[in-house]
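Have a go at each task before you read its solution.

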Amino acid sequence: MQTYEQINAGFNRQMLGGQQDRVKFLRQILTRLKNPDQRFKIIHIAGTNGKGSTGTMLEQGLQNAGYRVGYFSSPALVDDREQIKVNDHLISKKDFAMTYQKITERLPIDLSPDDITIFEWWTLIMLQYFADQKVDWAVIECGLGGQDDATNIINAPFISVITHVALDHTRILGPTITQIAQAKAGIIKNGTKQVFLAPHQEKDTLTIIKAKAHQQRVGLTQADTQSIVDGKAILKVNHKIYKVPFNLLGTFQSENLGTVVSVFDFLFQRRLVTSWQPLLSTLATVKIAGRMQKIADHPSIILDGAHNPDAAKQLTETISKFPRNKVIMVLGFLADKNISQMVKIYQQMADKIIITTPDHPTRALDVSELKSALPQAIIADNPRKGLVVAKKIAEPNDLIIVTGSFYTIKDIEASLDEK
């Protein structure tokens with residue numbers, strides 16, 4: 001039997017996500033596996049920004065309520081296996097290899113493992129593994145879009161969640177909010193109990209999601225924001241007010257929190273959770289790597305995977321509320337992103353910029369190309385070296401931000417794990 005390392009290294013790395021016939025193609029494989037996705041309840045999450053925070057809080061909340069919970073999220077920061085977890089445990093290399101083997105043995109005769117791309121393989125392995133692990137719930141994040149995303153091979157999920165919708169992956173999903181909202185709305189299926197939409201959406205997004213929910217006969221709840229004041233979440237639910245410590249930084253977390261509270265209220269009404277305590281415990285302890293993650297003080301260093309203009313705006317809004325002297329940024333982008341807009345946003349905020357090439361073998365934007373957009377910036381070979389330069393020029397009261405892509409903060413995350 002092949003090892004995990006051999007299997008993962010051999011995967012077809014084409015980007016076929018977003019192609020219309022892929023979901024149909026993958027469904028035939030799922031049928032041959034006897035529909036593992038139907039053996040647990042699924043919360044399926046699409047959206048441009050906020051999927052990770054929303055997914056983590058829901059997954060932790062369900063675990064705290066005593067359930068066995070699978071979580072599928074991407075991208076991984078340090079180890080690819082972070083994408084598939086059951087109750088916080090990464091899939092073991094042995095289980096990954098065994099699940100892969102099980103699926104290859106059941107592939108239709110005319111298909112070879114090479115016909116399936118890497119993200120599609122991870123999706124199939126995740127669904128089969130969660131079934132084998134007998135999870136009660138699975139929280140599954142879309143990789144890209146919704147309608148044509150590999151995760152959309154699942155049957156109707158129990159709940160669909162759509163987080164903040166903004167422009168991203170425009171080459172694949174289309175250049176307008178309308179097209180992007182249509183792609184996200186593709187996860188709303190007949191048979192789903194309820195769809196939840198994050199607060200503060202554009203009018204076009206709202207119109208499209210409402211129409212799709214109505215067409216599929218699924219109830220729609222648009223969440224309200226929840227207040228976060230001085231490191232405390234102030235939740236208003238069922239005429240009660242709960243105050244609880246909440247350490248996630250970012251003004252946008254009030255929106256993600258609103259969505260989570262809305263979903264939890266639905267679970268509470270249906271007696272799937274019996275009290276609010278599991279969620280309150282979650283909020284007091286939740287940490288999310290790579291999302292407004294503070295890794296040092298004096299100077300403060302923050303890692304954030306903001307990788308589109310909407311996330312860049314949210315990041316600058318959060319930083320504007322920070323006590324600080326100068327802002328020093330370490331930036332690295334993927335080539336298929338809206339770089340000119342992000343550069344504009346960051347230029348307005350940063351006192352000094354260091355540019356670098358993120359850790360992605362095919363999609364990284366080379367630093368030499370970025371230099372033409374940011375002629376004053378200092379060049380560093382890689383993100384780790386960029387952080388070293390930033391620390392050298394920073395005073396104790398400055399703020400260092402490493403951002404532009406999850407792949408820019410990946411190496412730095414890995415070095416934290418090594419300590």
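**Exercise 1.** Which residues does UniProt list for "domain: Mur ligase C-terminal", and what is the chain like there?

*Solution.* Start with the record: an unreviewed UniProt entry puts this domain at residues 290-406. Positions follow the numbering used here, and such annotations may be inferred rather than shown by experiment. Next, look at the fold: residues 290-406 are 35% helix and 21% strand, with the end C-alpha atoms 7 Å apart. Helices (H or I, at least four residues) and strands (E, at least two) are DSSP runs, numbered from the N terminus.

A word on the ground rules: this is a predicted model, where local features need pLDDT of at least 70, side-chain atom pairs count only at pLDDT 80 or more, and totals for chains, interfaces and linings use all residues. Residues are numbered from 1 along each chain as its sequence is written, and side-chain values use heavy atoms, leaving out hydrogens and water.

**Exercise 2.** Take apart the largest nonpolar core.

*Solution.* First, the term: a nonpolar core is a set of buried (under 20% relative accessible area, 1.4 Å probe, protein chains only) Ala, Val, Leu, Ile, Met, Phe, Trp, Tyr and Cys residues joined through side-chain atoms within 4.5 Å. The largest has 38 residues, and Phe 11, Ile 29, Ile 84, Ile 125 and Phe 130 have the most contacts inside it. Among the elements supplying at least two residues each are helix H1 (4-10), helix H2 (22-32) and helix H5 (118-132). H5 gives the most, with 10 residues. Now zoom in on Ile 125: leaving out residues up to four places away in sequence, its contacts (heavy atoms within 4.5 Å) include Phe 11, Ile 84 and Tyr 100. A second, separate core has 35 residues, including Met 57 and Ala 233.

**Exercise 3.** Which residues of helix H10 are buried, and what covers them?

*Solution.* H10 spans residues 277-285, and its buried residues are Pro 278, Leu 279, Leu 280, Thr 282 and Leu 283. Then find the cover: it includes helix H3 (51-64), strand E10 (232-237), strand E11 (240-245) and helix H9 (253-269).

**Exercise 4.** Describe the lining of the second largest pocket.

*Solution.* Begin at the centre: of 29 lining residues, Glu 82, Lys 85, Lys 287, Ile 288 and Ala 289 lie nearest to it. H3 turns up again, as H3 and helix H15 (406-418) each supply at least two lining residues. A pocket here is an open set of points on a 1 Å grid over the protein atoms alone, with protein on both sides within 12 Å along at least five of seven lines, and lining residues have an atom within 4 Å of a point.

Technical notes
Buried means under 20% relative accessible area, exposed over 50%, partly exposed in between (1.4 Å probe, protein chains only). On a 1 Å grid over the protein atoms alone, a cavity is a set of points where a 1.4 Å probe fits but cannot get out, and a pocket is an open set with protein on both sides within 12 Å along at least five of seven lines; lining residues have an atom within 4 Å of a point.
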